[in-house]
Amino acid sequence: MYGKSKRRLESRTVKLAEDGIEFIEENSDYDRKPLFLYADMKNTGDVVKKLEIANRILKEYPNCNLADDIQFKIARFYSVGGLNDFDKAILEYKKLITKYPKSLFVGPAETAIRGIDQKFDRDSGKLRGSVH
């Protein structure tokens, strides 16, 4: 039993490493500068700092391979990442849909917008069903 678990763990570790290498290879434009900033963004725990780095990447490298991914993350920082600014989240999701219409993140962005619209009352600024 221990042998099977160990082999599965090793297999998953190899798969993660391969995925990481593929991710680096696919996003190595601009001498990997956006990729290094992306790593900094992922490694910081402060959502405000993450947002600053993400915006910096899009400002300095607006056409980098990671641009749509970063735009999606910006929207998520506002919606579920701790900033809780749902109006801003919707604007950022819509920006992704407009700027990167062929992105794999368009579907999840549209789903997120519908979810926010269902759960959040923009007139009151509160979640639907909230007593406060």
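I start with a definition: a salt bridge here is a side-chain nitrogen of Lys or Arg within 4 Å of a carboxyl oxygen of Asp or Glu. What we are looking at is a predicted model, in which local features need pLDDT of at least 70 and side-chain atom pairs count only at pLDDT 80 or more, while totals for chains, interfaces and linings use all residues. Residues are numbered from 1 along each chain as its sequence is written, and side-chain values use heavy atoms, with hydrogens and water left out.

How many salt bridges does a search of the whole structure find? Four. I will go through some of them.

One joins the side chains of R56 and E60, at 2.9 Å from N to O. Both residues belong to helix α3, residues 47-60, and sit four residues apart, about one turn of the helix. Helices, by the way, are DSSP runs of H or I with at least four residues, numbered from the N terminus. For exposure, buried means under 20% relative accessible area, exposed means over 50%, and partly exposed is in between, with a 1.4 Å probe and protein chains only. R56 is partly exposed at 42%, and E60 is partly exposed at 40%.

Next, helix α5. E92 and K88 form a salt bridge at 3.2 Å, N to O, and they are four residues apart in α5, about one turn of the helix. K95 also pairs with E92, at 3.5 Å, N to O. Those two are three residues apart in α5, which again is about one helical turn. Is E92 buried or exposed? E92 is buried, with a relative accessible area of 5%. K88 is partly exposed at 28%, and K95 is partly exposed at 35%.

Now the packing. Two packed helices are described by the angle between their axes and the distance between the axes. The axes are lines fitted to C-alpha atoms, for helices over the stretch in contact, and angles run from 0 to 180 degrees between N-to-C directions.

For α4 and α5, the axes come within 7 Å and cross at roughly 165°. The two helices are therefore roughly antiparallel, a label given to angles over 145 degrees. The crossing is left-handed, that is, the near helix is turned anticlockwise from the far one by less than a right angle. In this contact, meaning heavy atoms within 4.5 Å, α4 contributes residues including F72, I74, A75 and Y78, and α5 contributes residues including K88, E92 and K95. By class, the contact has eight nonpolar, two polar and five charged residues. Nonpolar covers Ala, Val, Leu, Ile, Met, Phe, Trp, Tyr, Cys and Pro; charged covers Asp, Glu, Lys and Arg; the others, Gly among them, are polar.

For α3 and α4, the angle is about 150° and the axes are 10 Å apart, so this pair is also roughly antiparallel. Their crossing is left-handed. On the α3 side, the residues involved include V47, L51, A54 and L58, and they meet α4 residues including I70, I74, F77 and Y78. This contact has 10 nonpolar, two polar and one charged residues.

Last, the backbone detail. N84 is found in the loop between α4 (67-79) and α5 (86-99). N84 has a positive phi of about 50° although it is not a glycine.

Methods:
Angles under 35 degrees count as roughly parallel, over 145 as roughly antiparallel, 65 to 115 as roughly perpendicular and the rest as oblique.
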